[in-house]
Amino acid sequence: MAPIIHLVRHAQGYHNLNQENQQLPDPELTPLGKTQCEELRKRFDAHDKVTHLVASPLRRTLYTCLLSFDPVVKSGKKVIALPDAQEISNLPCDIGSPPSKLKEEFGDLVDLSLVHEGWNDKSRGSKYYPTPSNLQARSRAVRLWLRDLVSKAGDDAQVVLVTHGGILHFLTQDWDGVKLDRGTGWENTELRSYEFEDPTGQDPDASLKEIQTSWRRRRGSAIPLTETEQMQIREAFQTLLTEETRRNEARAAVDTEEAVVD
């Protein structure tokens, strides 16, 4: 059996409620979000097969992982926080907390050894500044990291990665179903399962492919998009992202000027 990567979008956070809440820094889950985690925990039937839990270091993804995969956590497995899996935008809601705050909040439940000072720097020039090339590079880095992880765990490895709606499209290189006005085609706590396209481990991009049972569960007999259609949607998404990034920078500059005046 080939290793399986279960990709999950986080549960509802307060930033998902309205546009104004996107200015909240690193928001937590809503009560509905916590209920969504409970529902995911009940419908996921492979808790006993999970070998690794991984999550973006933002609070909503860490809590989604801890709550949704509680049986795995109780078996003694820590959640590995992976900075390259953080969300794409430079909005306050998508900028994470300092490592010291995360350590204080999550204690020994989360392995923060990969989370260093500066992991939440999304300023121009940083590796996490949301340009298409940066996003493609760190998504590839996540896939390579996952492939290395499972190569050490054997063919029966099953990894859960809880991350975000935007970066998931870059990670999977799949733009089917994306809603440009929402920035994702993934619902809160949606889970899709993948394998590596190249089982020999030689693919330099470590590309993923959705397993058939996962595809049929959500899309039935639908035909996947062509490569050209995928490219067209990706380019439209990236154009909107670039525009949004510039607006966010302009808004932040105005806020800084007003704070100085006050």
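Helix 7 (residues 212–219) lies across strand 6 (191–196) and strand 7, running at about 150° to strand 6. The angle is taken between N-to-C directions on a scale from 0 to 180 degrees, with axes fitted to C-alpha atoms, for helices over the stretch in contact, where contact means heavy atoms within 4.5 Å. Helices (H or I, at least four residues) and strands (E, at least two) are DSSP runs numbered from the N terminus.

This is a predicted model, in which local features need pLDDT of at least 70 and side-chain atom pairs pLDDT 80 or more, while totals for chains, interfaces and linings use all residues. Residues are numbered from 1 along each chain as its sequence is written, and side-chain values use heavy atoms, without hydrogens and water.

- An open sheet of mixed pairing holds 7 strands in the order 4-3-2-5-1-6-7; two strands pair if DSSP finds at least two bridges between them.
- Strand 4 (110–111) and strand 7 (208–210) are at the edges with a single partner strand each, so one side of each has no neighbour in the sheet.
- Strand 3 (residues 79–81) pairs with strand 4 in the parallel sense over 2 bridges, and isoleucine 80 stands opposite aspartate 111 in strand 4.

**Lining of the largest pocket**
- Helix 8 gives the most to this lining, with 7 residues.
- The lining residues of the largest pocket divide into 7 nonpolar, 15 polar and 11 charged. Ala, Val, Leu, Ile, Met, Phe, Trp, Tyr, Cys and Pro count as nonpolar, Asp, Glu, Lys and Arg as charged, and the others, Gly among them, as polar.
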